[in-house]
Amino acid sequence: MTGPQDAPAGNAAMTASRLESFSYDDDIVRKFLFATILWGFVGMLVGVVIAIQMAYPESNIAPFLTFGRLRPLHTNAVIFAFAGNAIFTGVYYSTQRLLKARMYSDGLSSVHFWGWQLIIVLAAITLPLGYTQAKEYAELEWPIDIMIAVVWVVFAINFIGTMLRRRERHLYVAIWFYLASILTVAILHIFNNLSLPAGPFKSYSLYPGVQDAFMQWWYGHNAVAFFLTTPFLGMMYYFMPKAAEGPVFSYRLSILHFWTLVFMYIWAGPHHLHYTALPEWASTVGMLFSVMLWAPSWGGMINGLLTLRGAWHKVVEDPVLKFMVLALTGYGMATFEGPMLSVKSVNALSHYTDWTIAHVHSGALTWNGFLTFGMIYWLAPRIFQTPLYSKRLMNTHLWIGTIGIVLYILSIYSAGVTQGLMWRAFDETGRLQYPDFVESVARLVPMYWVRVIGGVLYLTGVVIFAWNILKTWAARPKTYDVPVIRAAPLSKTFVPEPLRPGIDVPATAWGRFLNLTFHRRWERMPITFTVLTAVAVAVASLFEIIPTFLIKSNVPTIASVHPYTPLELSGRDVYIREGCVNCHSQMVRSLRFETERYGEYSKPGESVYEHPFLWGSRRIGPDLAREGGLKSNLWHLRHFESPREVNAKSLMPAYAHLLTQDIDFAQVQKRVDAMAMLGVPYGDAVASAADMARVQAKVIADDLAQGGGVKGLETKEVVAVIAYLQRLGKDVQGGSPSATAQGGYPATAASRGASQIATPVPAAVPPTGRGNP
């Protein structure tokens, strides 16, 4: 397979009079490049801050700078700001050269750039303020979601318009991956973020419980696939051959790599929900496709590494190639580990632990980080038209960054395995060996400090990288030379050259199939290629989504489960605002060591009124699905006020501000109305939500005053959160929910009778097929 061809020398059969002159828009590339460096530093700096907060909780110095609020800022900054701007840098540079055309519209390019930076700034403001949907990688609230969709459509129009006006008949493999990314990210973003606004920066997911969990991890897993994988593969297919000065290893392998990856990846999301309330068939399908993903993922890695055949001597001398080789190696390791973690027996150990954090970072720091660094180091001399400032600094960055990665992932892999083994350990008597969850937390602190060191080293490398590029930019010429390109003119009557019999088209049908001749035809029909890509993504998605939503037996109802009271709903919103879901799960898996620790495993019907679901993906604190009634109101109050006075080993930030901030009773009615519009049966609460919330708040405040002498809390947010926590799990524990006794719903025999679970199961004995692996 030939490598990416930039030089548009024109068709030899065309006369000079039919050629036209144009130039590439490298100004937009420079803008996105600088944005990549800026947001990369910011995102990784926030990562170091939250790593310190994990090891030293006293560093949570303000309500808007706690771990729960900064963690989504970190993930959004490194994914959508750093990696996103890196993608746009590579796409805008390579697309113009691969298609032999300037971008369709300079105006759309500028709208895309400034619109994306505005989105990032708004995210940086709103997330620390607590405006969040509590969906991993999709935390931003509905006004920003709409902006993202609009800006992404602008990008899509600009890209597809350029593709339709191309002067190169062949669509190179990088273009395939860019196109798949643009289409799929749009589909994922729109459908996962469908929500009902309940205020300027507050909304509730349209999907309840199980369906919301399914949609979130359909999105969450494929955001990794089509934002952090496929566009970077496209950039690898362009920039690695350029840096190596040779062709891509195999055209056929790139075809197999592309189509199997695009079709299989979209199925894999449910493996994030093994042993949860998601129907088992869905998580099993996700596991099967995740395991199959190993083949196409390694096909891409092999295709990239073998591109260096005959050029490995250059790797010794060229730090750019070193960055790219390490990036591909990291990609190979991560895409081997990912399928392994999807296997149920492995997932039972790894899920909710730091092992998942180590897995994500081992791929992101190498594949996304190092590939971006290598690409920009290669680009800088070309777009700034001056030699790179310092090759020595580039080598220093490489080694400091590599050491930082090793320290980070080794420490957090160790932490994750330690957590998983401690949680499931039983002693000789058959009891949990570590019944107090905080014992596992305390054991991790030394490993968290090693992670801080690794993160600081990686961030130091980013500072060196930024300095090197800025010094290169400072040496640029006063005026950039704009090369004039001559190629066939844009024309509606332009017809690509036909396939050549015996060369492009083998003589026999079997030969044509083996030569993938049909694919070469598709590559000359951009609309057909676009439609086929969209169909591959849509078909795979619908095969999982439709049964999950339409087959009622997937989510059997539980008669005793009722909506949260208005005050509990308000407390739940505070819980979401403070980012508690980043540390606590609300999902007891059907595994013996979980049911022994937390109680009866979670059922699908428990979360039918939850918008959004809060099952979580990590446990730095214990699971809360059965928290209701386990501790007194006063214990919760003291724990929020000063966690380490209650438990010296706790890593939880203090939430003393909840004792001083007032409940926004004016918003309570609006929030209840929004939930009622989503189908939650609120009954009388629709007309008197605020009054009901005040009654329940007073009951809890009076209890706190009598039990601990703490008075004047009936209007404070801490009371709402306590009401919410005391409700968790009560509907399925038998008897009436605690809300009845605390001024919530009026108690009636019909609405608050004994717990009637659809399919009663003994508390610690999972049903057949959902037991301990």
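## Cavities, helices and salt bridges in a predicted model

The second largest cavity has a volume of about 280 Å³. The model is a predicted one. Lining that cavity are 21 residues. Tyr564, Glu606, Ser607, Glu610 and Gly729 lie nearest its centre. The lining of the second largest cavity splits into nine nonpolar, five polar and seven charged residues. In total, the count comes to seven cavities of 30 Å³ or more.

**The largest pocket**

Pockets are open, unlike cavities. The largest pocket has a volume of about 890 Å³. Its lining takes in 40 residues. His584, Gly621, Pro622, Trp635 and His639 lie nearest the centre of this pocket. Several helices give two or more residues to the lining: α1 (27-55), α2 (67-99), α16 (438-474), α21 and α22 (633-641). Which element gives the largest share of the lining? That is α22, with four residues. By type, the lining of the largest pocket holds 23 nonpolar, ten polar and seven charged residues.

**Salt bridges**

The whole structure contains 29 salt bridges. Side chains of opposite charge can pair when their charged atoms come close. Three of these pairs are set out below.

| Salt bridge | N to O distance |
|---|---|
| Glutamate 245 and lysine 314 | 3.2 Å |
| Arginine 577 and glutamate 578 | 2.7 Å |
| Glutamate 596 and arginine 592 | 4.0 Å |

Take the pair of glutamate 245 and lysine 314, joined by a salt bridge. This pair links distant parts of the chain, 69 residues apart. Glutamate 245 sits in the loop between α7 (230-244) and α8 (251-265). Lysine 314 belongs to helix α11 (residues 312-317). Is glutamate 245 buried or exposed? Its relative accessibility is 67%, so glutamate 245 counts as exposed. Lysine 314 has a relative accessible area of 23% and is therefore partly exposed.

The pair of arginine 577 and glutamate 578 has another setting. Both arginine 577 and glutamate 578 are buried.

An α-helix has 3.6 residues a turn, so residues three or four places apart point the same way. Glutamate 596 is partly exposed, at a relative accessible area of 39%. Arginine 592 is also partly exposed, at 35%. Elsewhere, salt bridges with shared partners join Arg69, Arg577, Glu578 and Glu717 into one network.

Helix α15 (residues 391-423) has 33 residues. At 1.5 Å a residue, α15 should span 48 Å. Its end C-alpha atoms are 48 Å apart, so the span agrees with that expectation. At the start of α15, serine 390 makes a contact: one of its side-chain oxygens comes within 3.4 Å of the backbone nitrogen of arginine 392.

Helix α20 (residues 566-577) has twelve residues. From first C-alpha to last, α20 reaches 17 Å, close to the 16 Å expected at 1.5 Å a residue. How many of the twelve residues of α20 are buried? Twelve of its twelve are, and the helix is mostly covered. Among the buried residues of α20 are Glu568, Arg572, Asp573 and Arg577. Pro566, Leu567, Leu569, Val574 and Ile576 are also among them. Just after α20, glycine 579 takes a positive phi of about 75°.

**Backbone details in loops**

Lysine 100 has a relative accessible area of 13%, so it is buried. Alanine 134 lies in the loop between α3 and α4 (142-164). Its relative accessibility is 14%, below the 20% cut-off, so alanine 134 counts as buried.

Where does proline 612 lie? This proline is in the loop between α21 and α22. A cis peptide bond joins histidine 611 to proline 612, with omega at about 0°.

Technical notes: Residues are numbered from 1 along each chain as its sequence is written. This is a predicted model: local features need pLDDT of at least 70, side-chain atom pairs count only at pLDDT 80 or more; totals for chains, interfaces and linings use all residues. Side-chain values use heavy atoms; hydrogens and water are left out. A salt bridge is a side-chain nitrogen of Lys or Arg within 4 Å of a carboxyl oxygen of Asp or Glu. Buried means under 20% relative accessible area, exposed over 50%, partly exposed in between (1.4 Å probe, protein chains only). The expected span of a helix is 1.5 Å times one less than its number of residues. A polar contact is a pair of N or O atoms within 3.5 Å; within protein, one must be able to donate a hydrogen and the other to accept it, and residues adjacent in sequence count only if both atoms are side-chain atoms. On a 1 Å grid over the protein atoms alone, a cavity is a set of points where a 1.4 Å probe fits but cannot get out, and a pocket is an open set with protein on both sides within 12 Å along at least five of seven lines; lining residues have an atom within 4 Å of a point. Grid points are joined across faces, edges and corners, and a volume is the space filled by probe spheres set on the points. Ala, Val, Leu, Ile, Met, Phe, Trp, Tyr, Cys and Pro count as nonpolar, Asp, Glu, Lys and Arg as charged, and the others, Gly among them, as polar.
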